[in-house]
Amino acid sequence: MRWTTRRDKNTEPDDGTTSPAASAPGADSAELGSTTIGWPPGAPIVVGTPTPVFEPKVVDREFGKVPYRPDTVVDGWSSGAFTVRAASVRGYLHRYGGAPRQDDFALAVDAERDRLTVAVADGVSSAKHSHIGSSTVVRYATQWLDEAPESLDDGGWHTLFKSAAWTLTQHAATVLALPEADAEQAERMLATTLTCVVCTPLPDGGLSAVVAGVGDSGAWLLADGKFVPVLGGKQASASGLSSSAVVGLPRVPNTVTPFPVIVEPGQVLLVGTDGFGDPLGGGEGSVGALFAELLGDRVPSQLEFAHALDFSRETFDDDRTLVAIWPRNS
């Protein structure tokens, strides 16, 4: 399959199917596994009708000068039983308007227990400082989980999200210079979703994972080219974790249900915000085809992973964060 990096020509239909596309005229091509991405790699991959071309704006001072907020964060490594790729990219709308990237993620590995913890957060768009909220909760959650017992029951997961909500409320008081912690102000200014994963190895080389979350971020198992929903997303309200009644922290539902999932060798566990989940949909369209090919047969480099996540597709202009987890050497 061949994905164009031109942003001035629609080379793919909008009906969810995929058609061959040419690289920019006169440009070389770089073979990335079975996916050919036009050169230079800095040009976004176009899926369907592209987003208009523009130069991103610096984050406006109204969002604060500190903490520093980069446009894009990329990570990736192998440790113990796990191979990970992760990226968080500012959406085209925020780049155009000078708003910060409101998504964030954090990762932690306990080498002694051979355990991986992942946290992904999507700051609520209406909350002015939700970028601070998302960073606060992912760092808190990974530290909390890294120190947690070997296994957590439903009550343990609920305690995690309640504790993260209180940490967010306390931090909001500092950010907003409030005389005391105020949950309503925290929700109005720093609200964020939070999805967490704990992974441990299985004797056969696969992984055992548990996923839990508050809000509409999601998790999927990529198996045999298909995206199997595990948790969350706007179309998974039956889980009870992504209903409109719970926008995000500091609100926490009365119960938090963890979902176990087995990741067999050759499969990939994905955890991402709705900036990825919305264009992915059920995984049958062009975005699903792009990521199924990118992740299905091999582990891409960190920059390949981030490059694909930063694809250009009209109307899908939200921040995107995605963490991919493979059983190592699968």
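**Ground rules.** I am working with a predicted model, where local features need pLDDT of at least 70, side-chain atom pairs count only at pLDDT 80 or more, and totals for chains, interfaces and linings use all residues. Residues are numbered from 1 along each chain as its sequence is written, and side-chain values use heavy atoms, with hydrogens and water left out.

**Overview.** I find seven helices and 14 strands in the protein. Both are DSSP runs numbered from the N terminus (helices H or I, at least four residues; strands E, at least two). Of the 330 residues, 54% are buried. Buried means under 20% relative accessible area, exposed over 50%, and partly exposed in between, with a 1.4 Å probe and protein chains only. The protein exposes about 14,100 Å², with 52% of that from carbon and sulfur atoms; the areas come from the Shrake-Rupley method with a 1.4 Å probe, and for residues only the protein chains shown count as cover. Among contacts with a separation of 6 or more, 71% are between residues 24 or more positions apart. Contact here means heavy atoms within 4.5 Å.

**The sheet.** I traced an open sheet of six strands in the order S4-S5-S14-S13-S10-S11, with antiparallel pairing. Two strands pair if DSSP finds at least two bridges between them. Strands S4 (72-79) and S11 (226-232) stand at the edges with a single partner strand each, so one side of each has no neighbour in the sheet. From one strand to the next, the twist averages 15°.

Next I checked what packs on the sheet. Helix H7 (residues 302-309) does, touching S4, S5 (82-89) and S14 (320-327), and its direction makes about 40° with that of S5. For such angles, axes are lines fitted to C-alpha atoms, for helices over the stretch in contact, and angles run from 0 to 180 degrees between N-to-C directions. Six of the eight residues of H7 are buried, so the helix is largely enclosed by the rest of the structure. Phe305 and His307 are among the buried ones.

**Strand S13.** How many residues of S13 are buried? Five of the five are, so S13 is largely enclosed by the rest of the structure. Val268, Leu270 and Gly272 point one way, while Leu269 and Val271 point the other. Five bridges join S13 (residues 268-272) to S10 (residues 218-223), and the two run antiparallel. Across that pairing, Ala219 stands opposite Val271 and Trp220 opposite Leu270. S13 also pairs with S14, antiparallel over four bridges, where Leu270 stands opposite Ala324.

**H3 against H4.** Helix H3 (residues 154-175) packs on H4 at about 85°, with axes 9 Å apart. The two are therefore roughly perpendicular, the word for 65 to 115 degrees (under 35 is roughly parallel, over 145 roughly antiparallel, the rest oblique). Leu168, Thr169 and Ala172 of H3 make the contact with Ala183, Ala186 and Leu190 of H4.

**Thr192.** Where does Thr192 sit? I found Thr192 in the loop between helix H4 (183-190) and strand S8 (194-201). Thr192 counts as buried because its relative accessibility is 0%. Leaving aside neighbours within four places in sequence, Thr192 is in contact with residues including Asp122, Ser134, Leu168 and Leu249. A polar atom of the Thr192 side chain lies 3.4 Å from the backbone oxygen of Asp122.

Technical notes
Polar contact = N/O pair within 3.5 Å; in protein donor to acceptor, adjacent residues only side chain to side chain.
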